[in-house]
Amino acid sequence: MSSDPTPYAPKKILITGAAGFIASHVTNRLIKNYPEYKIVALDKLDYCSSLKNLVSCRSSPNFKFMKGDIACSDLVNHLLVVEDIDTIMHFAAQTHVDNSFGNSFEFTTNNIYGTHVLLEACKVTKQIRRFIHVSTDEVYGETDMETDIGNPEASQLLPTNPYSATKAGAEMLVMAYHRSYGLPTITTRGNNVYGPNQYPEKLIPKFILLAMKGKQLPIHGNGSNVRSYLYCEDVAEAFDVILHKGVIGHVYNIGTKKERRVLDVAADICKLFGLDSNKAIKFVQDRPFNDQRYFLDDQKLKKLGWWEKTPWEEGLKMTMEWYTKNPNWWGDVSAALDPHPQVTMISNSSDDSWLWESSCVSNAKESSYSTSSSGMKFLIYGRTGWIGGLLGKLCKDAGIAFDYGKGRLEDRKSIVEDVKTVRPTHVFNAAGITGRPNVDWCESHTVETIKTNVVGTLTLADVCKEHNLLMMNFATGCIFEYNKEHPQGSGIGFKEEDKPNFIGSFYSKTKAMVEELLKEYENVCTLRVRMPISSDLSNPRNFITKIARYDKVVNIPNSMTVLDELLPISIEMAKRNCRGIWNFTNPGVVSHNEILEMYRDYIDPKFKWVNFNLEEQAKVIAAPRSNNELDATKLKTEFPELLSIKDSIIKYVFEPKRKA
């Protein structure tokens, strides 16, 4: 590389389409060579993407993968802000020309609309210092066969197929945002790329896999079409150079002057496998329009210090050896090996076994409420429960697609079937046994309680892990009681890392047990709910409603959860991919008497109640009740607008129902 006195030094890079072919090689290179950079990889894991392509990055502390779609503006804006992104390398696109002839609308959505979402996010957040847009040599259209002069970057764009037209359209948006809003954009246009990890709808891996199977190599038309091919590692180096030395507002061709006919490529592959090309090659119907030649002027990039290093023969041999060693990398690709593959016939291999982030993903399956403005889709367990029902209503109001789970939690097969049918982006577990009418029921139904609260919850967590899904698990904070380290009235609450110390009820025992076991599952977010309250005072599960109907009540301060405020936060936590344990309560404590005083002042001026102490309470209940204060600092830090428990009860429950 040539020296540059002021090379660009990114800090936090978002790479879109990172699990695809070219982007994965770029990602792997940057992770390896620049450990000081933070890399956030975004990919919706379409049929031609694979997490296997990024396996070498998995253990790197500076790497994070997010499963999601660039067309989801909520996700993109969130990522840019939360991850403090200063650089975008935008590879995500539908790229196979053959597919674009029969599926052109999808190309418009991915390539143009997706790019527009990214650009708008950059405009809004005002924090991007480099936006590298990856385009293609095909935007120039067909190059004259007689010329020795390649298309320079200033050439007119004359695309000839739906794919290249969408890429040209995306380029126009990039140019417009650079000129109108001053976005620091750089565009690349590249020749064909080949090498390990490429999905076999493309020419070279398709021919290699067919040759391995002893099948004929199908050539469109007469095979005279000319293309230029670059080895993937050379291209990854080109993006390295452009990232650090590219000039804002400029376009860079990534190309080679060495050209080959498609017929010559097939013959070279036949030679590697010892096949007779006259017998191994067959000619098939050409695509609707097939450009004869793409030829680039590559001088501008060479002036930055890049040049092609891998000879064709060497690169082709390395590619052949890789596919020979990894014949099942993509699973069943028989449809892709067809001479004229249809994208609808091609399914992605289920290889996302180590996906640790899951967010805004488009789903094609129908759901009960399938029109989702956010791109998310929830699978909710606990349809007949209070929290589960409220979650469904929130999703419906917010335009979030969701389905309720039909399977029983302890039945793994039925849970797997739910996941396969719904194809959710997140799973919410609001199912569980709390007792009928209260936790005393659990004392005489221990086996049923264990099955649901322990076995069922763990089964769901394990299935979610297997399918790379974030599980939002509604748990309980009724696993602590005031002690000498956390005395009543001290303001010292139990923190997320504290060990449960309340074993007075069997219900609490099961909840403490499963919470400890769930720590082994990194895909679980545990939300400790306490004494839930809502604005629906007719609901007998509402803590306010409960104590207002008791003959006598104890008067002890406790942490509590106002569902009207906190359930929407649980959805936001899913968007943010929050993990681990969270005290899911409003900050502070409120006593029974304080709540009943508010009930009297706002709802019923004639309301009266009688107190009794814990000893007297113990005579009328089967199991002791948990009384404690949870430290909500972690949640308050994540959501600074969170109200204290008293303010939240007034705002969400009593003020709207104030009696004149």
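**A polar site and its surroundings**

Author: The side chains of Asn253 and Tyr140 are joined by a polar contact of 2.8 Å (a pair of N or O atoms within 3.5 Å, where within protein one must be able to donate a hydrogen and the other to accept it, and residues adjacent in sequence count only if both atoms are side-chain atoms). The model is predicted, with local features needing pLDDT of at least 70 and side-chain atom pairs counting only at pLDDT 80 or more, while totals for chains, interfaces and linings use all residues. Residues are numbered from 1 along each chain as its sequence is written, and side-chain values use heavy atoms, with hydrogens and water left out.

Asn253 belongs to strand 10, residues 251-254 (strands are DSSP runs of E with at least two residues, helices are runs of H or I with at least four, and both are numbered from the N terminus). Asn253 counts as buried because its relative accessibility is 0%, where buried means under 20% relative accessible area, exposed over 50% and partly exposed in between, with a 1.4 Å probe and protein chains only. If neighbours within four places in sequence are set aside, the residues in contact with Asn253 (heavy atoms within 4.5 Å) are Tyr140, Asn151, Pro152, Glu153, Arg189, Leu296, Asp297 and Leu301.

Strand 5 and strand 6 (residues 185-190) are paired in the parallel sense over six bridges, pairing being assigned if DSSP finds at least two bridges between two strands. Strand 4, residues 87-90, is likewise joined to strand 5 in parallel, through four bridges, and the partner of Ile88 among these is Phe131. Seven of the seven residues of strand 5 (130-136) are buried, and therefore this strand is largely enclosed by the rest of the structure. Cover is found on both of its faces: Arg130, Ile132, Val134 and Thr136 are buried on one side, and Phe131, His133 and Ser135 are buried on the other.

A further element to follow is the open sheet of three strands in the order 7-9-11, with mixed pairing. Its edges are strand 7 (192-194) and strand 11 (259-261), each of which pairs on one side only, and neighbouring strands are turned by 50° against each other on average, direction ignored (axes are lines fitted to C-alpha atoms, for helices over the stretch in contact, and angles run from 0 to 180 degrees between N-to-C directions). Strand 7 is joined in parallel to strand 9, residues 226-231, by three bridges, with Tyr231 in strand 9 as the partner of Tyr194.

The nonpolar surroundings complete the picture. In the largest nonpolar core, which has 71 residues, Ile15, Leu30, Met89 and Ile204 touch the most other members; such a core is a set of buried Ala, Val, Leu, Ile, Met, Phe, Trp, Tyr and Cys residues joined through side-chain atoms within 4.5 Å. Helix 7, residues 232-245, supplies the largest share of this core, eight residues. Leu30, with neighbours within four places in sequence left aside, is in contact with Ile13, Ile15, Ile39, Met89 and Leu243. Another core lies apart from this one and has 31 residues, including Trp386, Leu391, Met472 and Ile571.
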